[in-house]
Amino acid sequence: MTTVETPMGYGSMRRKEDARFIRGRGNYVDDVTLPGMLYGAVLRSPFAHARIVSIDTKAAEAHPKVRAVITGATLEGLKLAWMPTLSYDTQAVLATDKVRFQGQEVAFVVAEDRYAARDALELIDVEYDPLPAVVDARRALDPDAPVIRDDKEGKSNNHIFDWSSGDKEKTDRAFAEAEIVVAQDVLYPRVHPAPLETCGAIADFDKVTGKLTIWCNTQAPHAHRTVYAMVAGLPEHKIRIISPDIGGGFGNKVGIYPGYVCAVVGSIVTGKPVKWMEDRSENLMSTSFARDYHMRGEIAATRDGKIKAVRVSVIADHGAFNGTAQPTKFPAGFFHVFTGSYDLEAAYCDVTGVYTNKAPGGVAYACSFRVTEAVYLVERMVDVLAYELHTDPAALRMRNLLRPEQFPYASPTGWEYDSGDYPRALALAMDIAGYDDLRAEQAAQRARWAAGEGGGTLTGIGISFFTEAVGAGPRKHMDILGLGMADGAELRVHPTGKAVLRISVQSQGQGHETTYAQIVAEELGISPDDIEVVHGDTDQTPFGLGTYGSRSTPVSGAATAVVARKVRDRARIVASAMLEVSPDDLEWEKGRWFVRGDPDQGRTITEIALAAHSSLELPEGVEGHLDATTVYNPPNLTFPFGAYICVVDVDPGTGQVKVRRFIAVDDCGVRINPMIVEGQVHGGLADGVGMALMELIAFDPDGNCLGASFMDYLLPTSMECPSWELGATVTPSPHHPIGAKGVGESATVGSPAAVVNAVLDALKPYGVRHADMPLTPAAVWRAIQGAPLRT
Ligand code: MCN
Ligand code: CUN
């Protein structure tokens, strides 16, 4: 187990924020109550696709506790009926012409209490004229498919974008010349991040000062503020976003939802603060979903197992409005990292985005901008190839993994992987698993089954190896809505040597208050307990794009190290004035500058801090005080990687899957807080088990959402999860100031393939090559029934 002292830098220290969380003293949006506050509730569409004939709000307005009823017509008057999405599309705030998915926002009631607001929803009379719905993304481009976005001028189909990456000709050639080509349709179904805390906001518009304050559990407070300023035409300095404690985000809290805008309008209309907090079903039905990628993968190889090329064609279901969060130039996110961890000659993908009558959003849920889909695809394809070649999937991977001397590695689709030692990570995972023993156990079991002495469960061993691309991103390549993806940091050391760090990113449970203090502690030698980390308030922190895509450590963590080094450099000049020597004669050891060759002559950072605020004469041009600011623009992404092995026992009679063991070796470069990293990995592995075995947002043919409660949308609990077995290797990022790579999504990205590969490995004797997630008992049972016996 990890030790938990407070180190003067990196190491496993207990999370500072837990002092309030474990005592129930966190401060979440719904804990905030303002004087005179009113409550909002959203009326949602029961239809997936219908024309709105009329909306009658008279009865609701007559409710004694109702203060305002807002409809799309009200918003049209304010030019706010539609808002921009993070993908330069438009999204209805409240529907005016049509509803386009079940659960879409139709009206907003503001009342004196939450119950009255909900009650009044029932008094609104909406007449709908139902239309046929587009549910299957593969049918969305059929000539007779109903057009969903007829609000867009000249739009006569459901096509959003075509995008491709890689060298098509070279890839086609590699396929033409290949000894073996295997193709497989692979679906990454629609799932949902389902954070414990649902989305919500309180808007408070002060008519006198013109200041709009929004408490909102957003992962990106600064980006939200800029978007509000642009959309509502309000001056940006008059908008303050306060993101208090967040009960989980997982990507769900990146976008701006209609409820937030309605709360703002509600506050402007009533002159009172308005709180809007969605319930669980609203969260599952209407907020950012994840995945929904229909992929056709092909893999080309030699007969003896050298992989040559991968080719992929994707239909991407983006729902009714393209609200996908990703850097502008990449409509399919970072999916083109699908060449994975292998040394390929060529690769090519094309992705077609389509509208369907489903909730908008996309790429949420610990996805690293679609790296999840990419890793799942390639890791499934490698296993499909192993199946056809009758080879061991670990050996096949070992043979094709990139070798350490190939880094920095230029991938066939344009990435530059910064650093890695892949074979070492896979070897370590196999070692922890006892891979050869597991295969021997499985072989004996299969022999018993073949001899007719079977019974009980079938063991499956699944492997996945992933490379992630996180830390968006270099400003010249990456922006969201035109905002470059750099992050600021400000550090101030007080006269007594205590410090305050202000950052632009926003923790949703990742422990930033601890790890960012540790980065400063490591650089300056101040105890992390003496460093306060301020975040989540646009009036208090420098601009930056926020926390998603595991970008905080790669971007904002780097900014923090850089700003601390700037302070250290300033401290050197102050120390030189104190010691009356040249700065060049000073040497640094953690916490103090001393005279080279005379270590007794030195000044601690605390002494220097006081002197910096004193009457000490400083050299010409050197400012007093001890502080600095910076903006960090990353030169490249960081590429964490890992090797995962999952062991399952499958009951072929019932289709029940039990995850017996899960071994995860992660390499995220230098670990700031190994305990927090392990916690991030634990969470992500549970996500992976959930997606592989039970999570699904399904729809019926009319577009009714079948996953709108936790009765239907199943989440894994400790019952479904084994005790995780973790290992680590450390390959620092060469371009990151402290060599750290992001890790917050690694396990969610890497683990589903390991679980699915394990289940399919168990079913190999039945001749099952592939089955789509989630591998529920019914799905496993069906796969067994449908497959030919393997000879
Ligand atoms: N860390 C570290 N050493 C490293 C890398 C990271 O000690 N080499 C620490 C960091 O300092 C930070 C944590 O691990 O405290 C995660 O860091 P990072 O990988 O930079 O990810 P972010 O902080 O940007 O978090 C975002 C990521 C995403 S995108 C999703 S989705 C997700 C995830 O984090 N959502 C989470 N993990 C989550 N964990 C919790 N509890 N709740 C969520 O909503
Ligand atoms: Cu894609 S979920 Mo995380 O990037 O916030």
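1. Leaving out neighbours within four places in sequence, Val109 is in contact with Gly40, Ala41, Ala60, Val66, Val69, Ala117, Ala120 and Leu121, where contact means that the C-beta atoms of two residues, placed from the backbone, lie within 7 Å. The model is predicted, so local features need pLDDT of at least 70 and side-chain atom pairs count only at pLDDT 80 or more, while totals for chains, interfaces and linings use all residues. Residues are numbered from 1 along each chain as its sequence is written, and chains are lettered from A and ligands numbered from 1 in the order in which they are written.

2. Val109 is also, with Leu94, Val520 and Val759, among the residues with the most contacts inside the largest nonpolar core, which has 243 residues. Such a core is a set of buried Ala, Val, Leu, Ile, Met, Phe, Trp, Tyr and Cys residues joined through C-beta atoms within 7 Å, and buried means that 20 or more other C-beta atoms lie within 10 Å of the residue's own, all placed from the backbone. Helix α9 (residues 371-389) gives the most to this core, with 12 residues; helices are DSSP runs of H or I with at least four residues, numbered from the N terminus.

3. Because domain 1 (18-23 + 486-632) and domain 2 (405-473 + 637-791) both give residues to this core, it lies between them; the domain bounds come from an automatic or database assignment. The centres of the two domains, taken over C-alpha atoms, are separated by 40 Å.

4. Where the domains meet, 16 residues of domain 1 are in contact with 18 residues of domain 2, and on the domain 1 side α14 gives the most, with 7 residues.

Conventions
Helices (H or I, at least four residues) and strands (E, at least two) are DSSP runs, numbered from the N terminus. A residue is buried if 20 or more other C-beta atoms lie within 10 Å of its own, exposed if 12 or fewer, and partly exposed in between; C-beta atoms are placed from the backbone.
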